[in-house]
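The model is shown first.

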Amino acid sequence: FLSSCRKMEDDTPELCALSVPLEGQLAINGSWVSSSIMVFAGPASCKPLEVSDKSYLEWPYKTGRPTKVPQAIYEINIFHRWSGVERQLINEGHGVFCELQKASENGSITVDQLLRISRHYRAVIHVCVLKLREEDAGNQSSLYERQNNKAEMFVLMEMLWHLCEIVFLAALPAGYFVGELIDWVCWHSNHADKLLASISGHHSPDTDCESYWTLVYALVLEGRFQETRELLMKHSAHRNNTCDGFVSMDELLRCVPMNKEGWSHQELQQYWQVWWREVNQRRNTGTFARFQELQLLSQLLTGDEKAFQVLKERYPMSCPYWYHMLVGKLLFCYPTIISSDYELLHVAESCQAEYNACSPFDTTLITALKGNVVELLAAVSSKVNHWWFAAHLTDLMNHAGLLQESHYEYGSGLQEFLMLEYGSSLMDHESLWEIGAQYLSTCSNKGHLSLLLERIPLTNKKKALQVSRICRKYDLMEQVQSICKVMAIQDCQNGRLASALHWCVQAKNSSFASSIVERYLDEYVSAGKLKDFDWFHSMDTSMLISNKMAFLCKYSEFHKLYTSGDFQAAGNLLSLLLEKRLVPKQFWLTLLTDALPLLEHPDKIIFSKEQTFELMRCMQALEQMKLSEKDERKELIYVALGRNLCRAILET
């Protein structure tokens, strides 16, 4: 089933249905949506979603679940190995994302800041495009012919992002909008530059060839009037002064009223009207009649619809794609148009229809020109097989205040939904899960983040510390305690008791810590040696989460004092431990045995009369509780206590 779905992904970028028959009339039915498969069981003839009526545009952004399917639907995320370029995209895009979140925390974001962030995102995509082109340098096939090539996908992503930046973020006044669209086409299409490079090296190019006039028209449609003038000056008729039409056209192109001086909408419209009248007047007087190419050029300058049709038929390479034709028509028919004008969509759809451009990318560009953000993001999510693009574009639009958040049946807004999808796609990667956690942390509900963090395998201590640090960063203390408990259990099973105690301290699990301390003491009683003394010496009071743990630390301090020869301090500490009843009762005899060398010290009296009486009371309590069987150590302790008491009384 999965292999069939992967083939389906390669065959078409749009959502499509699949049915894998099982025994009888049952089948596993599924639909590919971006990088996920929506699966349900049903009859072999059942279709999960009707693709023909484009109902996928409404799901899940409007209904949350397909209303036509009564069965339970399961989502299978298809994770793949990220290539080097994709990982670069993820890492560098994450840096820009964090920059945007930080800017929003400092207050409201200005349009200039949003544009700067958007251009950073575009720069990240463009770097990936350049890297992929370097890798494909040995491939002779054209970039636009390799539909499934990653370089093509990144090129289209950059182009679509740039268009969204112009339409939704820039808020351009009249005149500037068309100029930005021209820059958009010039930046993402170099067909005119290639033609120009082949001709510019010749002082006297073959001006009668088709490529010469193809280049002239291509440059004019892109608003590159200075280069057009230079190219026309190379025409033999212009150099020989045999046609006044070239001089007249040069004057007209020099005076095109591009908005470079901050004119108002009315002023710019008036300048264009005056300029159009001048072009029409010169054409009507027959100035360009000698050369039909100049005649066609003058008609293009005045926005003649028939001239654009003739251009497409005779010189198709001057505007190979519908958006080249679009910017040309906008420049010479609607130079003062803005992104919210109805004519923009009308002209765009007519150009798309002329070229019969119905690919998913073309329809997505049209959706962007409509200006409906939610519809655009829905189209992007279903047609761009990469959650990176949809998630970051949605987040940018959300910070720009262009998303009117409404809650859907699955309980989250559109921006949060896409963040969950993109963040979840990174969480299963061994080195990208921390970045995924950053995206999931921006969601209002941290439940998804906590569930995915719990699923990360804790293969070693370093990994556990990383996961624990992330949980603390996002205040997921329940998960911190769970991680620490799991690691403490593993260390206990492997005999690393000091490390297990460390995890218990991190989790503040006093009961588990007490049980580990008891195991420590049992090992000491049986082996006569206490391990990991240095670790206990480094603990401060904030780490003492139970009385038994406090005792173990004090007991390690007693051994340190005894080893260093400070017998008086060691005796006082031991007496204090027994007096405060910090010692587990089954360990009393061991402590009293440790007191024997101090009771029999030949040079000085370590325990005072009161301390000796306290030790005797402990011995009596030990006998009454019958916690220990007969032991020869008891006789020795009683004798030593009696001698020390006599010495203490005599000294006083």
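## Helices H27 and H28

Helix H27 (residues 547-564) and helix H28 (residues 567-579) cross at roughly 155°, and their axes come within 8 Å. H27 is therefore roughly antiparallel to H28, a term for angles over 145 degrees, with under 35 as roughly parallel, 65 to 115 as roughly perpendicular and the rest as oblique. Axes are lines fitted to C-alpha atoms, for helices over the stretch in contact, and angles run from 0 to 180 degrees between N-to-C directions. Helices are DSSP runs (H or I, at least four residues), numbered from the N terminus. The crossing of H27 and H28 is left-handed; a crossing is left-handed if the near helix is turned anticlockwise from the far one by less than a right angle, and right-handed if clockwise.

On the H27 side, the contact (heavy atoms within 4.5 Å) is made by Phe551, Lys554, Tyr555, Glu557, Phe558, Leu561 and Tyr562, and on the H28 side by Phe567, Ala569, Ala570, Leu573, Leu574 and Leu577. By class, this contact has 11 nonpolar, no polar and 2 charged residues. Ala, Val, Leu, Ile, Met, Phe, Trp, Tyr, Cys and Pro count as nonpolar, Asp, Glu, Lys and Arg as charged, and the others, Gly among them, as polar.

## Basis of the model

The model is predicted: local features need pLDDT of at least 70, side-chain atom pairs count only at pLDDT 80 or more, and totals for chains, interfaces and linings use all residues. Residues are numbered from 1 along each chain as its sequence is written, and side-chain values use heavy atoms, leaving out hydrogens and water.

Helix H12 (residues 292-301) packs on helix H13 (residues 305-314) at an angle of about 130°, with the axes 9 Å apart. H12 is therefore oblique to H13, and the crossing is left-handed. Gln292, Leu296, Gln299 and Leu300 of H12 meet Ala307, Phe308, Val310, Leu311 and Arg314 of H13. This contact of H12 with H13 has 6 nonpolar, 2 polar and 1 charged residues.

H13 also packs with helix H14 (residues 322-333), at about 155° and with axes 11 Å apart. That angle makes H13 roughly antiparallel to H14, in a right-handed crossing. Glu305, Phe308 and Lys312 of H13 are in contact with Met325, Gly328, Lys329, Phe332 and Cys333 of H14. These residues divide into 4 nonpolar, 1 polar and 3 charged.

Notes. Helices (H or I, at least four residues) and strands (E, at least two) are DSSP runs, numbered from the N terminus.
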